[in-house]
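User: I should like to learn how to read the features of a protein model. Please give the general idea each time, and then the case at hand.

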Amino acid sequence: MSDEHAEDRGGGERRAGPGAHWVRSEMSGAASEVVQARDISGDIHFHTGSHPRSPYDNPRPRQLPGDTRGFVNRREELRWLDAILTGGGGGGGNVGGGNTGGGDEPLMSLCVIAGTAGVGKTSLALRWAHRMEAHFPDGQLYVNLRGYDPGAPVTPREALHRFLAALGVPARAIPTDSEAAAALYRSALAGRRMLIVLDNAATVGQVRPLLPGTAGCLVVVTSRSRLSGLSVRDGARRLTLDTLSETEAVALLRAVTADYRDQDDREKLIELARLCARLPLALRIAAERAASRPRMRLDDLIRDLRDESALWDALSIGDDEEAEAVRTVFAWSYRALTPEAASLFRLLGLHPGPEFGAPAAAALAGVPTGQARRLLDTLVGAHLVEQTGPDRYAFHDLLRAYAGDQADSEETPEARDAALGRVLAWYLRTAAAAQAWINPQESPIRLGAPEDGVVPLEFPGYDDALSWYEQERENLVAAARAAGDAGADRAAWQLAAVLKSIHMLRNPFEEWLAVSHIGLRAARRLGDRAAEADLLESLGMAYTQSHRLVDGARCHEEALAVRRELGDRMGEAFSLNDLGLAQLRGRGLAQAEAHFEQARAVFRDLDAAHWEAVMLSNLAETRYELSRLRESRDAVTEALARHRASDSQGSVGNALRILSAVQRESGEPGAAEGALRSAQEAVDIARAHRNDSWEAFWLLDLGAAHRATGQAPEALAAYQRAAMLQRRLGDRSREARAWHGAGETYRQLGRFEEAADFHRTAAAAHRELNDLWQLALALDGLAVALDELGRDAEARGHRAETLDVLTGYQDPRAEALRRRAYAALGDTGTGGTEAGYEASGDA
């Protein structure tokens, strides 16, 4: 646990979502005006022109895989797809089923390309998609749903996460709930013209959550199934692909072999096409083999393929003709490989994820990476593996299944286990190397001696480590799942523990929770109680940071019990701190203070001076929230001195943030100027370290300090940058707090309509997040602004909601806010004390 995050997590890292964009106008300096406009969603957006921005500032995604080399034929099908853009597509038979209509129909939003395996559905969809790019100026989204893959299919939730990330939604902003994620996805697509390709869907359930909610986008689905439900309920048009005609099949064979062979006899090509069932996938593999043997007679190639077919017929049991032909071609091509290439091909069938690089392939095969690359080139040349990018490879789902079958039949169980163990170790050790750069404050997991044949990657710096993690995220989850399924429990829990250190910074909640649960089950099967506590801590952090506070506290309590049972005093102190942070976030202030005090006592006993100072900062923040300003000042002043002495810059900045808040409320002469100096120093530390997370959070206090010193334009500039950074980081709660600060500032300027807009938007975000304390503050600010506008009835309604929201909060700030609401409503209220506390809009 890093010291920055031990303190910072108490401040409210919650799920984020759509909100406000802030852009400076052409006025210079901190006093520049902020221009605002409202979009149809009710969010406030800031811009310099007259056209509102989309909910996310993001690049236009261009996710389509490369076009198929040497694509020929399918002219009629392409024309049918072209007609969809004007609503004129449709027709019967094998070219198009489903809904039909005339040329005056509006743009259709959904098309299904159906057909048997290997018939060329994906090639057709991608060829057409690349041709039509100009018709979709907002970009293209693509996902292979792997509905027929031997491994687990891509779930709608996983696909939504990828699409939302591509649309500019930060990981922290993506809801864990599938319905909420789908709603956010539809909102992000509203008003856009995008092409969405959903490849290899097996069921309607995989597709329906990924459909846009408004016109303007076109979804193309490929499937072996007709997916009739999409036609009946969603108005999809369907294009059913047959195998190629004889003429088309021959044309495809000639296109692939033209540069390598003399003109082959047409009748021989017809025979070769028949043996391939005129399926494009099988035809391309056969043609590549013919092209790689330019001096071999086509008669000999056909005889080999017939022999393979006869062998397969003797082994197969009544599958359809097309499936038999595909398997025959696969076997024919596979048996032509060198032993080394054939070994790599079948072992790649054991790879846990859908895509892989040469280093992972090398680990699977237990060979050097250079050799793996050469063998992969051979497999790509034989069309048995597809190269999807620089040093990235993938299988067609049929070929992956075939490779797995060959591994099962030709490799011993011991050899299969060893190959899987090597690739799992490679992902684990490379993830640990990445974690050392991405979150170096976290203590590394002891992994022991490296396995034979495993050479993990090393990274020259942070950017390379983070790029690797982003590229391999799907494989890392798949590796954890494969380790759990294979009984490789040590690898499963260690991978989950390593990834925790990355997940806690980036908050991909769905992945984090899934991997942590896998690791926890593995640790419990092993009876490793220390590992169990680590994984409970990981789950507790994931739940807390996603604002599922009851679940977070439960996991931390379980971890605490295990660590006490083991006599792990340091772990016990960390769990006590984690519990305190969860309670502080939920405004259980008395419990939070008690846990921080207990953790501090343990750290003191262990002579862990740094962590004892961290607890002082957390206690200072808790006492500030309890309005015990003198105690808070004493604690944070001591913590700040200790952090300065140890040169813990992140801890210094966090302590300065707390000190600034205390100074603002002290009422002492010169305190406001002191608060501004403290907050500015904190922000300067963040900027010196180029740490956007620190800067975004600490800017909230800088904005409040500017406001306290009467510098409203500078306050707006601070809140503007805070909101922009929080949007990028995906912390919706803190972004909403920046809007609330802007609302307070506009009230100070006497611009009450704008103030009300900001408070209203902040309240909506906090209401959605169920962050009741921040909601109460935003509602109070909104009511004050509405009072100034003479909208008394609205103000009374918001004050009534404020009182309802405050039920259950009994701390001094809540009491003061409750009394203020009662007073404005002309009611003395009940249950409040007469202490002179005043609720702060910045608490």
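User: In which sense do β9 and strand β11 pair, and over how many bridges?

Analyst: Strands of a sheet pair through backbone hydrogen bonds, either parallel or antiparallel. Here β9 and strand β11 (residues 392-394) pair in the antiparallel sense, over two bridges. Helices (H or I, at least four residues) and strands (E, at least two) are DSSP runs, numbered from the N terminus, and two strands pair if DSSP finds at least two bridges between them. This is a predicted model, in which local features need pLDDT of at least 70 and side-chain atom pairs count only at pLDDT 80 or more, while totals for chains, interfaces and linings use all residues. Residues are numbered from 1 along each chain as its sequence is written, and side-chain values use heavy atoms, with hydrogens and water left out.

User: In what order do the strands of this open sheet lie, and which are the edge strands?

Analyst: The open sheet has three strands in the order β9-β11-β10, with antiparallel pairing. Its edge strands are β9 (355-356) and β10 (386-389), each of which pairs on one side only. Within the sheet, glutamate 355 stands opposite alanine 394 in β11.

User: In what sense do β5 and strand β6 pair, and which residues cover the two faces of β5?

Analyst: β5 pairs with strand β6 (residues 195-199) in the parallel sense over five bridges, and tyrosine 142 stands opposite valine 197 in β6. In a regular strand the side chains alternate between the two faces of the sheet. In β5, Gln140, Tyr142 and Asn144 lie on one side and Leu141 and Val143 on the other, and all are buried. Buried means under 20% relative accessible area, exposed over 50%, and partly exposed in between (1.4 Å probe, protein chains only). Because five of the five residues of strand β5 (residues 140-144) are buried, the strand is largely enclosed by the rest of the structure.

User: How is the span of helix α10 checked, and why is α10 called largely enclosed?

Analyst: The expected span of a helix is 1.5 Å times one less than its number of residues. For the 13 residues of helix α10 (residues 280-292) this should give 18 Å, and the end C-alpha atoms are 18 Å apart, which agrees. Twelve of the 13 residues of α10 are buried, so the rest of the structure largely encloses the helix. Among the buried residues are Pro280, Leu283, Arg284, Glu288 and Ala291.

User: Is leucine 616 buried or exposed?

Analyst: Leucine 616 counts as buried, at 3% relative accessibility. Its place is in helix α25. The C-alpha atoms of leucine 616 and phenylalanine 596 are separated by 8.1 Å, although the two residues are 20 residues apart along the chain.

User: How many salt bridges does a search of the whole structure find, and what does arginine 473 form a salt bridge with?

Analyst: Side chains of opposite charge can pair when their charged atoms come close. A salt bridge is a side-chain nitrogen of Lys or Arg within 4 Å of a carboxyl oxygen of Asp or Glu. The search of the whole structure finds 61 salt bridges. In one of them, arginine 473 is joined to glutamate 470, the closest N and O atoms being 3.3 Å apart. The two residues are three residues apart in helix α18 (residues 462-486), so about one helical turn separates them. Arginine 473 is buried, at a relative accessible area of 14%, whereas glutamate 470 is partly exposed at 33%.

User: Where do arginine 587 and glutamate 625 lie?

Analyst: Their side chains, those of arginine 587 and glutamate 625, meet in a salt bridge (2.8 Å, N to O). Arginine 587 is in the loop between α23 (569-585) and α24 (589-605) and glutamate 625 is in helix α25 (residues 609-625), so the pair ties together parts that are 38 residues apart in sequence. Arginine 587 is buried, with a relative accessible area of 9%, and glutamate 625 counts as buried at 9% relative accessibility.

User: How many cavities of 30 Å³ or more does the structure hold, and which residues line the second largest cavity?

Analyst: Rolling a probe the size of a water molecule over the atoms shows where empty space is left. On a 1 Å grid over the protein atoms alone, a cavity is a set of points where a 1.4 Å probe fits but cannot get out, and lining residues have an atom within 4 Å of a point. The structure holds two cavities of 30 Å³ or more. The second largest cavity has a volume of about 30 Å³, a volume being the space filled by probe spheres set on the points. Its lining residues include His161, Ile174, Phe509 and Glu510.

Technical notes:
On a 1 Å grid over the protein atoms alone, a cavity is a set of points where a 1.4 Å probe fits but cannot get out, and a pocket is an open set with protein on both sides within 12 Å along at least five of seven lines; lining residues have an atom within 4 Å of a point.
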